[in-house]
Amino acid sequence: MTAFGAALPRRAGALVRRAAARPQGFAARSALALLLVLLVAPFLPVVVWSVTRAWFYPAIVPQTLDLSAWTSVFSATSGVPAALGRSVLIALSATGLAMLFGVPAGRALALHRFPGRRLVEVLVLAPLVVPPLAVAMGLHAVFLKIGLAGTVPGVVLAHIIPTLPYVILVSASVFSAFDTGLEDQARSLGATPSQVLRHVTVPLLAPGLAVAALFAFLVSWSQYGLTLLVGSGRVPTMPLILMQFVTAGRQDVAGAIAVLTVLPGVLALVLSARILAAAAARERTTS
Amino acid sequence: MPASIRLALMLLPAVVVLGGLFLGGLVLAIIRTVGIVPFAGRFDPTLEPWTRALQEPDLLLSILVTLWVAAASTLIATALGVGAALLLHRAGGGRLVTLLVQFNLTVPHVVTAVGMAWLLGQSGVLARLAHGAGAIDRPGDFPALVNDPWFVADIVAYVAKEVPFVAVVALAMLAAVGSAPAITARCLGATPLQAFRHVTWPLIRPGILAAATVVFAFVLGTYEVPAVLGPSHPKALPVLAYQMFTSNDIADRPAAIVVSLLMAAVGVVCLVAVRRLMRGISGLEVVR
Amino acid sequence: MSRIVLESLTKTYPGAPRPAVRGFDLDLPAGTLTTLVGPSGCGKSTVLRLIAGLAEPDAGRILIGGQPMAGIPPERRGAVLMGQDHRLFPHMSVAENVGFGLRMRGVDPAVIRSKVADMLDLVQLPGLESRRPSELSGGQAQRVALARALVVEPAVLLLDEPLSDLDPELRLDMRDLIRRAQHQTGITTLFVTHDREEAVAVADRTAVMLAGELARHGRPADVFERPLTRAVALFMGATNVLDGRFDGRSVTTSIGTLTLAAPPPPEATAVVIRPERIRLSAGSGTSGVNTFACSIKSLEYRGTHVVATVAAATDMLVVAVPAEAAAGHGVGDPVAVHLPPEALQPVSG
């Protein structure tokens, strides 16, 4: 879902930060405080529920603290550790495949003109805008036939649909900021094509592509409808198992699962901030 | 020519994979609604799924509520997102807001939906605060915001998720446009408001509208949020389609696809709109 | 030291209406510095890319040290390109940048270290090994790029407008540095520029390229003083072109009949004269050869000199006069212009 935003400058984070550092008026401060409340509010009950079982209406704070949700989340019988592993496996595989197929396409879109380019662009944008349900339902019969429905590989394949466009768009923006003259320069100085790749292209593009991979991971990690349909309900990932516990009325376990489900995003943010900061420090050019 | 072969090799995997999975899935979905299932060797052309779907008693209502939710969420999220971006761009709100905006982007929708249910439900956090303030007595006194026919919590959840998205896009657009056009307008005698309305806004509008269209299409096709926060009657279209697809009557499946194709059709219209809007915005148009 | 020979090079980019380079011949004697000058878009950068192997010619041959280059990849040509943008690798230190080519060739690290130090001395940046490109000024970055190119001892050094992005004073320093380094190393060098003053100042030989073709090639002073064709004359700043009928050593033009210093070649169709070679004197005395009465139409102050446009008979001449000599003149004043026979160059085309 955040793919479109990433197609725009990757420095959005830095922009937000820079903008945020300026002085402010009272009205602006209040408006932003309200926004903050809206952004935080849904997570308050999630976090609270993960540490209590007794939080009955009308108590504003829970009656007792109880960490049993966390013990059951980490016990094999709850199915949560398995779901966690499954989610990681699926997201890693989908990201890997999306990077494999998407990075070269991103480079082609960023640096070349070619006939049929507009068709490729439409094909790349389409999965971001056209709801995936119909596509998943169409694939379902084929996946059933070839034994992919209800399997992890089947879900991985389905997750490529939303992650691949994302990787293509982000890597296109990475490549469009890349000076291919550096590759020519390296060749001219005596580097073979594989040396150029190893010593110039990869080191220079790694930070941007790493961020693309991190966020592709998150896109796969967050999938719900696609996983549900293609997995035929038999591939419970973290978002799916979260719903199971909500439906079962176990708010405490659901809260703990929700916290776990949010963690990769936090990690990705920290990591991408580090990667981009390191790259910026390394490459900062004087003007 | 080796250069063109290299280019083809760079594009081919992505095109084949997207074409096969996305377009292939879409085409299979379409032909299945007219009785053709190539991989199961079924070929009995029929329009039965279409009549079955269109006779679904709740269909019209489902379409209407889904459009309502998508339109309301998009409008509110876009207005708040642009407002937030302008505030952040000009006034600023510190590292905390920054972090929260970015963090919110990474949160799966299902988590926001569940959190919203626990926040806005009749025995949720808000209801408890209302009780603590003496405003209500029993949970039933609190207005029904979750699973209600107006999809209030559903809309609020989408707004909470999409405001940061719109804000990030708007901030990127504002940064790309820079302050020079507005300053020029001010030098030519425009008030700050006029400078925004006549100069800055027209420049950032295409990006904002593209983001809004993406939000609209996304809300239209998302299952998990209305599954948690929407009422059981009328259902949002994705929920209706999914339930028909998994109903005990196998004959409902093609009809379910018809329902999801209705959403896909709106999505295609959105796609055309996004393409139009993104023309001239850096991102895809990056050829040097 | 290698001789570089270009034979009828032709290159058309896909989709381009005209060839970027057409039937281009050029001979760079071993150890010389040749400047290739032309207006932007004339194809000079393409010539460099063809020699460097970053583009393949559609027709023609490139010989480096007698070896034909067709099919030889860039890294095995010994032709190093250095552009207007220094293109230092942003993720490497100065030492890593300068040593890059040697590292790619598998040279021993200790040898690389000492050669890098020598090169940094040569470009007058000793001790900057551990700096990052981002910590260098524009002039320093360009000198590091030069060191990086020279350290691999290329057969030919290709410089593509290496001074264009520098401030005026730095430009002169860098120009001298390139000239000195070239002398010291003896590397055959092709220096592309659009600046005609630069083209004649640093070179052993100067080639003028117009619209994809070689228009003139020779010693800088020859190219400057004797353009031979109308197009080269105009490009080199000989603004005054007078069409005429030739008759022995005299030519009849729109301002009158002019006497030449030597018999013109049969293909001559016009004479040209540079603005600074025309003499301007007060009054309307027209005694002497090639001297005509005229009046000043405009005066434009240019600091060191004044550019006067004068009407002579039915034509206009542009004259550059030292500022102090122009002091007494005003618009409308009658003056006499003298066009020294030795300054008149017959051109064809």
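Predicted model: local features only at pLDDT ≥ 70, side-chain atom pairs only at ≥ 80, totals over all residues.
Start with chain C and colour its two domains separately: domain 1 covers 4–225 and domain 2 covers 235–347.

Next, bring in chain A and look at where chain C meets it. Here 20 residues of chain C are in contact with 19 residues of chain A. To find your way on the chain C side, select strand E6 (79–82) and helix H3 (100–104), each of which supplies at least two residues of the side that touches chain A. Colour that side of chain C by class and you get 11 nonpolar, 4 polar and 5 charged residues.

Now show chain B. How far apart are the nearest C-alpha atoms of chain B and chain C? They are 11 Å apart, and these two chains do not touch.

In numbers, 100 residues of chain A are in contact with 96 residues of chain B. Which helix gives the largest share of the chain A side? Select residues 132–145 of chain A: that's helix H8, and it contributes 11 residues to the side touching chain B. Then switch to class colouring on that side of chain A, where 79 residues are nonpolar, 15 are polar and 6 are charged.

Definitions and conventions:
Residues numbered from 1 in each chain as written. Chains lettered and ligands numbered in written order. Contact = placed C-beta atoms within 7 Å. Helix = DSSP H or I, 4+ residues; strand = E, 2+ residues; numbered from the N terminus. Nonpolar A, V, L, I, M, F, W, Y, C, P; charged D, E, K, R; others polar. Domains from an automatic or database assignment.
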